[in-house]
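Student: Can we go through this model together? Before anything else, what does contact mean here?

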Amino acid sequence: MSEVSLVVNGRRVSGVVEDRTLLVHFLREHLGLTGTHVGCDTSQCGACVVHVDGKAVKSCTMLAAQASGSTVVTIEGLADGADLHPVQAAFKENHALQCGFCTPGMIMASVDIINRHPDGLDEATVREELEGNICRCTGYHNIVKAVLAASKAMSKSKTKTKGKSASRAKQAA
């Protein structure tokens with residue numbers, strides 16, 4: 001048995017688990033965070049993607065004990081209260097989901113992609129980067145549109161924030 005202690009969605013959690021417990025099962029069964037889905041248990045589908053210390057990780061490939069001491073964000077921790085994260089909003093606005101099973105993993109992977117490409121994305125990059133996430137319903141067209149829209153929205157938001165910061169710096173000088 002292993003004792004794990006980590007921060008999940010901003011809340012410190014701990015528990016005792018069997019050594020072989022996967023992070024996805026710890027999140028779902030011990031913490032009740034069922035937005036992280038178990039699709040294949042072989043890291044092929046991406047339905048279980050979460051962020052561990054700021055990086056997208058397929059939680060079916062990581063032991064809960066390996067995540068001990070880390071900060072984990074799941075789909076449940078992405079929104080800011082009632083305000084959807086820009087990627088969640090873009091998925092909704094662009095009809096980028098059908099059955100919804102892959103959606104949490106797609107969104108978490110997409111946030112990571114956008115964060116790693118802060119200067120913007122093109123369709124080919126999005127398609128290549130989402131290769132490890134499987135959707136059996138949509139054919140990816142609207143998912144790609146949503147990621148591109150979110151990337152653009154997040155880039156504009158960063159530009160506004162930078163502009164405000166520069167303006168404040170000038171005023172302070």
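Tutor: Two residues are in contact if they have heavy atoms within 4.5 Å. The model is a predicted one, where local features need pLDDT of at least 70 and side-chain atom pairs count only at pLDDT 80 or more, while totals for chains, interfaces and linings use all residues. Residues are numbered from 1 along each chain as its sequence is written, and side-chain values use heavy atoms, with hydrogens and water left out.

Student: OK. What does I143 touch?

Tutor: Leaving out residues up to four places away in sequence, I143 touches F91, A96, M106, L130, C135 and T138. I143 also belongs to the largest nonpolar core, where it is among the residues with the most contacts inside the core, along with V87, F91, L130 and V147.

Student: Define core. And how many residues has the largest one?

Tutor: A nonpolar core is a set of buried Ala, Val, Leu, Ile, Met, Phe, Trp, Tyr and Cys residues joined through side-chain atoms within 4.5 Å. Buried is under 20% relative accessible area, exposed is over 50%, and partly exposed is in between, using a 1.4 Å probe and protein chains only. The largest core has 25 residues.

Student: Which helices supply at least two residues of it?

Tutor: α3 (86–93), α4 (103–116) and α6 (141–172) each do. The largest share, seven residues, comes from α4. Helices here are DSSP runs of H or I with at least four residues, strands are E runs of at least two, and both are numbered from the N terminus.

Student: Which residues of α3 are buried?

Tutor: V87, Q88, A89, A90 and F91. After α3 comes H95, which has a positive phi near 50°.

Student: And N94, buried or exposed?

Tutor: N94 counts as buried because its relative accessibility is 15%. N94 is in the loop between α3 and α4. Beyond four places in sequence, N94 touches N142, K145, A146 and A149.

Student: Where is N142, then?

Tutor: In helix α6. N142 has a relative accessible area of 22%, so it is partly exposed. With residues up to four places away not counted, N142 touches N94, H95 and A96. The C-alpha atoms of N142 and A96 are separated by 4.7 Å, although the two residues are 46 apart along the chain.

Student: Why would residues a few places apart point the same way?

Tutor: An α-helix has 3.6 residues a turn, so residues three or four places apart point the same way.

Student: Which residues other than glycine have a positive phi?

Tutor: Among them are N9, with phi near 55°, and D53, at about 50°. N9 is in the loop between β1 and β2, while D53 is in the loop between β3 and β4 (55–58).

Student: Last one. Which residues line the largest pocket?

Tutor: G39, C45, A47, Q98, C99, G100, F101, C102, I134, C135, R136 and C137. Pockets come from a 1 Å grid over the protein atoms alone: points where a 1.4 Å probe fits but cannot get out form a cavity, a pocket is an open set with protein on both sides within 12 Å along at least five of seven lines, and lining residues have an atom within 4 Å of a point.

Student: How much space lies in it, and how do the lining residues divide?

Tutor: The largest pocket holds about 170 Å³, a volume being the space filled by probe spheres set on the points, with grid points joined across faces, edges and corners. Its lining has eight nonpolar residues, three polar and one charged. In that scheme Ala, Val, Leu, Ile, Met, Phe, Trp, Tyr, Cys and Pro are nonpolar, Asp, Glu, Lys and Arg are charged, and the others, Gly among them, are polar.
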